[in-house]
Amino acid sequence: MHKLPPGTHPLAAELMGVLMPLIKDSQSGVAAVMAGFDLTFSQLRMLWILDHAGSDLAVNELAEQVSLSLPAAGRAVDGMVRIGLLTRREDEVDRRIKRIGLAEPGRETLEKIGRARGQSADRFVEALTKDEQAALAGALATLGALTRKHFAAPTGASCSPPEKSA
């Protein structure tokens with residue numbers, strides 16, 4: 001297991017110990033999608049930031065949020081514009097500013113990554129017995145209630161388990 005810092009609360013360590021196998025299993029699918037587009041982690045973060053931004057961002061705003069220098073961010077954006085994941089346009093007010101947006105293929109890339117993450121969870125849940133699935137559903141209901149209480153859910157995210165079909 002991943003080494004946690006000294007002084008980590010035992011319950012926090014247990015939580016990470018439970019989550020890490022699922023996270024690690026999903027990483028191979030995520031990495032495969034990223035490799036298919038030859039994306040770096042910084043570029044993947046740019047896609048995610050633009051997806052959640054609500055509007056196009058200036059290159060310098062994007063660079064700041066990804067913690068890259070302006071030239072490095074510009075090169076990363078250039079590559080993603082070239083392959084069609086991002087759009088670039090002039091700002092309506094100041095034509096010197098270039099606004100960067102998420103193109104439809106960029107959204108599709110994020111969806112593929114989401115599906116890769118979900119496949120790992122699906123494999124895990126499908127391997128469980130009905131009793132194990134019921135126990136997990138109860139534990140997730142409690143965990144979901146606690147996370148909603150202590151963390152603000154991102155727009156469009158749901159912490160509640162999907163409804164059961166009849």
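Q: Is E104 buried, partly exposed or exposed in this predicted model?
A: In this predicted model, the relative accessibility of E104 is 44%. Buried means under 20% and exposed means over 50%, with partly exposed in between. E104 therefore counts as partly exposed.

Q: About how many helical turns separate E104 and R107?
A: Both residues belong to helix α5, which spans residues 104-126. E104 and R107 are 3 residues apart in that helix, so the separation is about one helical turn.

Q: What is the N to O distance in the salt bridge of E104 and R107, and which residues form the network that includes the pair?
A: The side chains of E104 and R107 meet in a salt bridge with an N to O distance of 3.9 Å. The cut-off for a salt bridge is within 4 Å. R107 is partly exposed, at 33% relative accessibility. Salt bridges that share partners join one network, made of D51, E104 and R107.

Q: How many salt bridges does a search of the whole structure find?
A: The pair E104 and R107 is one example of a salt bridge. A search of the whole structure gives a total of 11.

Q: Which parts of the chain does the salt bridge of D78 and R88 tie together?
A: The side chains of D78 and R88 meet at 2.6 Å, N to O. The two residues are 10 residues apart in sequence, and the pair ties together the parts in which they lie. D78 lies in residues 70-82 and R88 in a strand, so the parts are helix α4 and strand β2.

Q: Are D78 and R88 buried, partly exposed or exposed?
A: D78 has a relative accessible area of 29%, and R88 has a relative accessibility of 38%.

Q: Which residue forms a salt bridge with R89, and what is its relative accessible area?
A: R89 is partly exposed, with a relative accessible area of 31%. The closest N and O atoms of its salt bridge are 2.8 Å apart, and the partner is E92. E92 is exposed, and its relative accessible area is 63%.

Q: In what order do the strands form the sheet, and which strands stand at its edges?
A: The sheet is open and has 3 strands with antiparallel pairing, in the order β1-β3-β2. One side of each edge strand is left without a neighbour in the sheet, because each has a single partner strand. The edge strands are β1 (57-58) and β2 (86-90).

Q: How many bridges join β1 to β3, and which residue is the bridge partner of A58?
A: Strand β3 covers residues 98-102 and runs antiparallel to β1, and the number of bridges joining them is 2. The bridge partner of A58 lies in β3 and is R99.

Q: Which helix packs on the sheet, and what angle does its direction make with that of β3?
A: The helix touches β1, β2 and β3 and comprises residues 41-53, which identifies helix α2. The angle between its direction and that of β3 is about 90°.

Q: Which element gives the largest share of the nonpolar surface patch?
A: The patch covers about 510 Å² and is made by L15, M16, V18, L19, I23, L140 and L143. Two elements give two or more residues to this patch, namely α1 (10-37) and α6 (130-150). I23, one of the patch residues, is partly exposed at 35% relative accessible area and lies in helix α1. The largest share, 5 residues, comes from α1.

Q: What distance separates the C-alpha atoms of K24 and R117?
A: K24 has its place in helix α1 and counts as partly exposed at 45% relative accessibility. K24 and R117 are 93 residues apart along the chain, and their C-alpha atoms are separated by 9.7 Å.

Q: What distance separates the C-alpha atoms of A141 and I83?
A: A141 is in helix α6 and counts as partly exposed, at 39% relative accessibility. A141 and I83 are 58 residues apart along the chain, and the separation of their C-alpha atoms is 41 Å.

Q: Where does S67 lie, and what is its phi value?
A: S67 lies in the loop between α3 (59-66) and α4. S67 is exposed, with a relative accessible area of 62%. This residue is other than glycine and has a positive phi, near 65°.

Definitions and conventions. Residues numbered from 1 in each chain as written. Predicted model: local features only at pLDDT ≥ 70, side-chain atom pairs only at ≥ 80, totals over all residues. Heavy atoms only, no water. Pairing = 2+ DSSP bridges. Helix = DSSP H or I, 4+ residues; strand = E, 2+ residues; numbered from the N terminus. Contact = heavy atoms within 4.5 Å. Axes fitted to C-alpha atoms, helices over the stretch in contact; angles between N-to-C directions. Patch = residues over 30% accessible without salt bridge, like charges linked within 9 Å, V, L, I, M, F, W, Y side chains within 5 Å. Areas by Shrake-Rupley, 256 points an atom, 1.4 Å probe, with all protein chains shown as cover. Buried < 20%, exposed > 50% of the residue type's maximum accessible area, 1.4 Å probe, protein only.
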